[in-house]
Amino acid sequence: MALSFRICSSPLICRATLSNGENGRNHHANDAAFIRRAADLAEMSAGLTSPHPNFGCVITTSSGKVAGEGYLYAQGTKPAEALAVEAAGEFCRGSTAYLNMEPGDCHGDHTAVSALVQAGIERVVVGIRHPLQHLRGSAIRELRSQGIEVNVLGEDFESKVLEDARKSCLLVNAPLIHRACSRVPFSVLKYAMTLDGKIAASSGHAAWISSKLSRTRVFELRGRSDAVIVGGNTVRQDDPRLTARHGQGHTPTRIVMTQSLDLPEKANLWDVSEVPTIIVTQRGARKSYQKFLASKGVEVVEFDMLNPREVMEYFHLRGYLSILWECGGTLAASAISSSVIHKVVAFVAPKIIGGRNAPSPVGDLGMVEMTQALNLIDVSYEQVGPDMLVSGFLQPIPDLIPIIPSEDATVEIDPSVNPFESSIIFFYKTWDPYGSFSNFSPHPIQMPCGGENDDYMTWSSVEHYYQANKFVGVENPMAHDCVEKIRTARSPEEAALIGRSTLRQKPELVRNDWEDVKIEVMYMALKCKFSTYPHLKSMLLSTAGSVLVESSPHDLFWGGGREGEGLNYLGRLLMQLRSEYLEESSVSAENTSSA
């Protein structure tokens with residue numbers, strides 16, 4: 001899905017258009033349509049709201065009419081929800097509000113939530129929860145405590161149309177989501193190139209590759225960004241201004257990344273009368289020139305080791321959400337290699353210039369085979385005048401379907417859990433209060449080795465058994481040897497290290513059906529463990545009604561992963577096992593009473 005670029009007008013819009021009509025068949029389709037509209041509204045002020053998210057709100061009556069709309073125009077202005085309530089007026093009572101994102105109470109005044117509650121809104125549909133951990137779920141709980149029905153896309157019902165709508169919500173706030181999860185600003189690499197992949201002629205001349213329409217789109221891209229970054233060579237060759245030049249709205253900070261500080265004394269970027277310029281360089285570089293830049297009002301920031309990752313971590317700390325990279329191929333390659341580029345936007349002009357030494361948009365990445373090529377995700381194509389705009393993500397937008405399983409899935413795997421009011425029990429290290437839930441806990445189990453004979457063997461932990469099963473049944477002496485090494489490993493960590501490294505380095509030793517059976521393997525091992533140790537089973541039963549989350553900071557499959565956006569499969573399996581035990585207890589109690 002491509003992001004569209006628009007210049008914002010009024011943040012308050014009032015309409016009275018008919019929807020398709022809500023009934024049993026198209027209820028979710030209507031929810032999806034109005035959420036997408038809320039996301040479109042939110043995008044109208046992209047670049048102006050930073051460091052806050054982009055918010056949009058649509059209010060519809062019970063008959064399906066849009067009564068009011070609003071979006072957050074810029075930081076420090078009225079919330080989208082309050083603007084939509086003002087636009088809808090008396091039609092708010094008994095209506096539904098659609099929000100692309102859960103409100104964030106960053107000022108402690110609860111303005112957004114209060115506006116919806118006082119207006120008499122009966123139902124709120126939220127596209128995604130707030131990406132910041134300390135705000136996630138707070139507004140939803142507050143709305144529910146006021147008796148308002150709240151639905152979050154993907155958490156109570158799943159469908160393709162709802163997933164597409166939810167995706168639009170992720171896209172419009174991709175900068176905040178990436179920043180929250182990766183601790184660096186959301187970075188977009190932009191370049192224009194000829195059909196034969198050149199960003200300039202052999203002489204270095206680059207004006208103009210793309211059309212005027214494409215350059216206008218670049219100005220809009222800059223207007224959505226907190227900062228634009230270039231390398232020293234771009235300053236020397238092109239003397240850019242790096243302004244948005246669309247006559248209104250946001251103008252980004254200009255950043256120049258240069259190790260040597262070998263820059264000209266006259267440059268457009270040294271004019272900071274309208275927008276600041278920041279130079280990032282190696283510590284100690286050209287001290288006299290630094291004083292010259294300071295006299296011009298240009299800020300200089302020194303780094304012990306100048307590399308894109310350190311620079312982006314620094315600007316993350318300064319509060320930047322989104323950065324547009326308009327650099328040459330050498331710096332682009334370094335940024336990609338440092339994993340700080342999240343999205344690529346390329347304008348391809350129908351021109352051929354040739355030249356063996358003509359520069360390309362991305363320098364050497366150290367790749368020698370086409371199988372190493374980086375593939376873009378969610379690629380979109382759009383014709384802009386004579387040019388083709390190709391864009392896509394190098395890194396997927398982190399999925400914020402919450403730390404816990406979706407509400408529907410939670411109830412399905414354990415009916416004892418109230419998805420709206422449940423407490424969360426975290427476990428990770430074996431010394432945590434619930435550390436024995438970890439598959440690394442030192443509780444030996446008796447399980448068959450899974451080979452040709454079905455003899456039971458002792459495994460020092462669930463992790464030992466799980467890692468060994470990656471290679472069980474493979475007709476290769478090295479696979480047999482790996483299983484035995486894992487079984488006799490002195491600790492679960494050693495077993496995990498052997499299993500994970502072998503999987504990466506020698507994938508031919510991994511059983512063909514591993515991806516299909518790995519969850520079942522883990523579940524059977526957990527079941528054996530909790531059945532073997534009565535005190536562990538009692539501890540598991542004592543958590544009834546709570547959601548279990550392995551809060552691993554790095555395991556995005558079994559644990560919570562970064563900022564809790566992982567799949568949490570270990571927690572799900574434990575809840576499923578707990579549910580089975582509770583059901584067995586219930587049946588046993590019924591049989592006893594009937595006897």
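**The helix pair**

Modeller: In helix 1, H28, A29, D31, A32, I35, R36, A39, A42 and E43 meet V161, L162, A165, S168, C169 and V172 of helix 5, where contact means heavy atoms within 4.5 Å. Helices here are DSSP runs of H or I with at least four residues, numbered from the N terminus. By class, this contact of helix 1 with helix 5 holds ten nonpolar, two polar and three charged residues; Ala, Val, Leu, Ile, Met, Phe, Trp, Tyr, Cys and Pro count as nonpolar, Asp, Glu, Lys and Arg as charged, and the others, Gly among them, as polar.

The model is predicted: local features need pLDDT of at least 70 and side-chain atom pairs pLDDT 80 or more, while totals for chains, interfaces and linings use all residues. Residues are numbered from 1 along each chain as its sequence is written, and side-chain values use heavy atoms, with hydrogens and water left out.

Two packed helices are described by the angle between their axes and the distance between the axes. For helix 1 (residues 27–43) and helix 5 (residues 160–172), the axes come within 8 Å and cross at roughly 15°. Axes are lines fitted to C-alpha atoms over the stretch in contact, and angles run from 0 to 180 degrees between N-to-C directions. Helix 1 and helix 5 are therefore roughly parallel to each other, a term for angles under 35 degrees. The crossing of helix 1 past helix 5 is left-handed, that is, the near helix is turned anticlockwise from the far one by less than a right angle.

Elsewhere, helix 10 (residues 308–317) packs on a sheet, touching strands that include strand 7 and strand 12. The direction of helix 10 makes about 125° with that of strand 11. That open sheet has nine strands in the order 11-10-9-8-12-7-13-15-14, with mixed pairing.

Definitions and conventions: Helices (H or I, at least four residues) and strands (E, at least two) are DSSP runs, numbered from the N terminus. Angles under 35 degrees count as roughly parallel, over 145 as roughly antiparallel, 65 to 115 as roughly perpendicular and the rest as oblique. Two strands pair if DSSP finds at least two bridges between them.
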